[in-house]
Amino acid sequence: MIRTAIALLALGTPVLADAPPLPFDLGGAYTLTDQSGATRTQADPDGHPQLLFFGYANCREVCSAALPLMAQVVDAAAVEGVEVTPVMITVDPARDTLATLGPALAQHHEDFVGLTGTEAQLQVAYDAYEIETEEVFFDPEYGPVYAHGSFLYLLDAQGELLTLLPPVLSPDAAAQIVAKYTGPQS
Amino acid sequence: MRQTVQAATLLAAALAAPASAAEGERIQITGEIIDTWCYFSGVMGGPDAVVGSAHHTCALWCSAGGIPVGLLGEDGEVYMVLKIEGDDENASGDTNLNLASHEITADGMLYKRDGLNYLVVEQVVTDHGITNLNHEDYGVVPGFAIPEPKP
């Protein structure tokens with residue numbers, strides 16, 4: 001039954017235009033700085049769909065599942081002809097600096113974009129996705145551990161939120177959802 | 001945590017239907033607040049072991065660390081909890097921590113999208129506490145959820 005469903009999905013056209021409005025009031029504009037120091041908004045400068053996550057590079061909790069999952073989804077989507085940019089907005093700007101973000105995220109995928117900014121700039125992004133960050137405990141070995149949102153958000157190239165993905169999906173399942181919304185890019 | 005998640009049930013569900021149902025459906029549902037990562041990944045044990053009192057400590061760790069919680073309904077379906085009464089954010093939060101492994105009756109809005117169930121809990125009607133005392137069968141799952149004190 002799953003094989004049939006995959007075949008049907010492969011034959012289907014992208015549902016981007018037909019997708020119903022997201023029932024959750026999330027998403028919005030932001031202006032932050034990527035690991036190269038360049039200003040980056042919610043729009044992808046290369047015109048690719050984006051997989052967005054709020055986390056921090058030093059996170060050994062949900063990020064250690066979500067960031068590798070994002071990398072796997074990006075690779076799986078690429079096989080299907082969909083180029084997706086993985087983006088992480090930091091919830092720990094004190095430790096995720098311009099100097100550290102890039103190398104840390106590159107361990108997961110070379111295309112990873114890490115975003116940080118001023119407290120006010122980051123708050124705009126947090127508010128758009130209703131992200132609240134709280135230090136839940138201090139790990140004497142690795143530093144503060146934060147609770148934060150854990151869903152992955154699929155954005156189109158303009159930064160509009162298409163859907164969300166729980167970080168407990170398998171890479172293939174997540175990639176299929178991504179492909180459903182974005183379709184092969186010519 | 002780094003192992004590949006094989007969420008077969010979610011995969012099948014995600015493939016089953018296109019995005020649908022922008023409007024939510026009000027439902028009242030009874031079930032257990034579960035740790036979705038351990039439940040679907042299977043790496044910490046089978047589905048009967050990664051719920052209830054046996055998995056309570058790990059569920060606390062996972063929830064605090066940002067793993068989204070779900071409500072395992074009496075119908076066997078998992079409802080991803082997007083929000084819950086008392087917490088503003090869409091994952092983790094004190095209410096989710098306090099309700100980890102508890103059997104609750106929730107009233108809220110169900111949204112189906114991409115074959116997945118998303119639940120916005122507007123009211124916890126009844127909190128029955130931890131009713132699945134499966135630690136008597138499984139002990140602590142996983143055992144390392146309660147770390148050894150460092151010398």
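1. From the N terminus on, the elements of chain B follow the order α-β-α-α-β-β-α-β-β-α, which gives this chain five helices and five strands. The model is a predicted one, and every value in this note should be read with that in mind. Of the 151 residues of chain B, 54% count as buried.

2. Chain A has five helices and nine strands, and from the N terminus on its elements run α-β-β-β-α-β-α-β-α-β-β-β-β-α. Buried residues make up 55% of the 186 residues in this chain.

3. A point to look at in chain A is the feature "binding site", which UniProt, in an unreviewed entry, places at Cys59(A), Cys63(A) and His148(A). Cys63(A) belongs to helix 2 of chain A, which covers residues 63-79. Is Cys63(A) buried or exposed? Cys63(A) has a relative accessible area of 1% and is buried, because a residue counts as buried when this value is under 20%.

4. In chain B, helix 3 (residues 56-64) holds several buried residues, namely Cys58(B), Ala59(B), Cys62(B), Ser63(B) and Ala64(B). Just after helix 3 of chain B comes Gly66(B), with a positive phi of about 105°.

5. Turning to charges, the residues Asp46(A), Asp75(A), Glu83(A), Glu110(A) and Asp111(A) form a negative surface patch. Asp46(A) sits in the loop between strand 2 (39-41) and strand 3 (50-55) of chain A, and with a relative accessibility of 59% Asp46(A) counts as exposed. Asp111(A) is found in the loop between helix 3 (98-106) and strand 5 (113-116) of chain A, where its relative accessible area of 39% makes it partly exposed. The C-alpha atoms of Asp111(A) and Thr85(A) are separated by 6.5 Å, although these two residues stand 26 residues apart along the chain.

6. Side chains of opposite charge can pair when their charged atoms come close. How many salt bridges are there over all chains? The count comes to six salt bridges. In one of them, the side chains of Arg40(A) and Asp44(A) meet with N and O 2.6 Å apart; Arg40(A) is buried at 7% relative accessibility, and Asp44(A) is buried too, with a relative accessible area of 6%.

7. A salt bridge also links Arg95(A) with Asp92(A), where the closest N and O atoms are 2.5 Å apart.

8. Lys83(B) and Glu130(A) form a salt bridge through their side chains, with a distance of 2.6 Å from N to O. Lys83(B) lies in strand 3 (residues 78-84) of chain B and Glu130(A) in the loop between helix 4 (119-128) and strand 6 (134-139) of chain A, so this pair joins two chains. Lys83(B) is partly exposed, with a relative accessible area of 29%, and Glu130(A) is likewise partly exposed, with a value of 22%. Within chain B, Arg26(B), Asp107(B) and Glu122(B) are linked in a network of salt bridges.

9. The backbone deserves a careful look as well, given that most residues other than glycine have a negative phi, and most peptide bonds are trans. Glu130(A), the residue in the salt bridge with Lys83(B), has a positive phi near 55° and is not a glycine. Ser101(B) is not a glycine either, yet its phi is positive at about 70°. Ser101(B) lies in the loop between helix 4 (94-99) and strand 4 (103-113) of chain B, and Ser101(B) is buried, with a relative accessible area of 3%.

10. Which form does the peptide bond from Val141(B) to Pro142(B) take, cis or trans? This peptide bond is cis, with omega near -10°, and Pro142(B) is placed in the segment after helix 5 (135-138) of chain B.

Key:
Residues are numbered from 1 along each chain as its sequence is written. Chains are lettered from A and ligands numbered from 1 in the order in which they are written. This is a predicted model: local features need pLDDT of at least 70, side-chain atom pairs count only at pLDDT 80 or more; totals for chains, interfaces and linings use all residues. Side-chain values use heavy atoms; hydrogens and water are left out. UniProt positions are given in the numbering used here, feature names are shortened, and annotations may be inferred rather than shown by experiment. Helices (H or I, at least four residues) and strands (E, at least two) are DSSP runs, numbered from the N terminus. Buried means under 20% relative accessible area, exposed over 50%, partly exposed in between (1.4 Å probe, protein chains only). Patches are made of residues with over 30% relative accessible area and no salt bridge: like charges are joined within 9 Å, nonpolar side chains (Val, Leu, Ile, Met, Phe, Trp, Tyr) within 5 Å. Accessible areas come from the Shrake-Rupley method with a 1.4 Å probe; for residues, only the protein chains shown count as cover. A salt bridge is a side-chain nitrogen of Lys or Arg within 4 Å of a carboxyl oxygen of Asp or Glu. Lys and Arg count as positive and Asp and Glu as negative; His and the chain ends are not counted. The place of a charge is taken as NZ of Lys, CZ of Arg, CG of Asp or CD of Glu.
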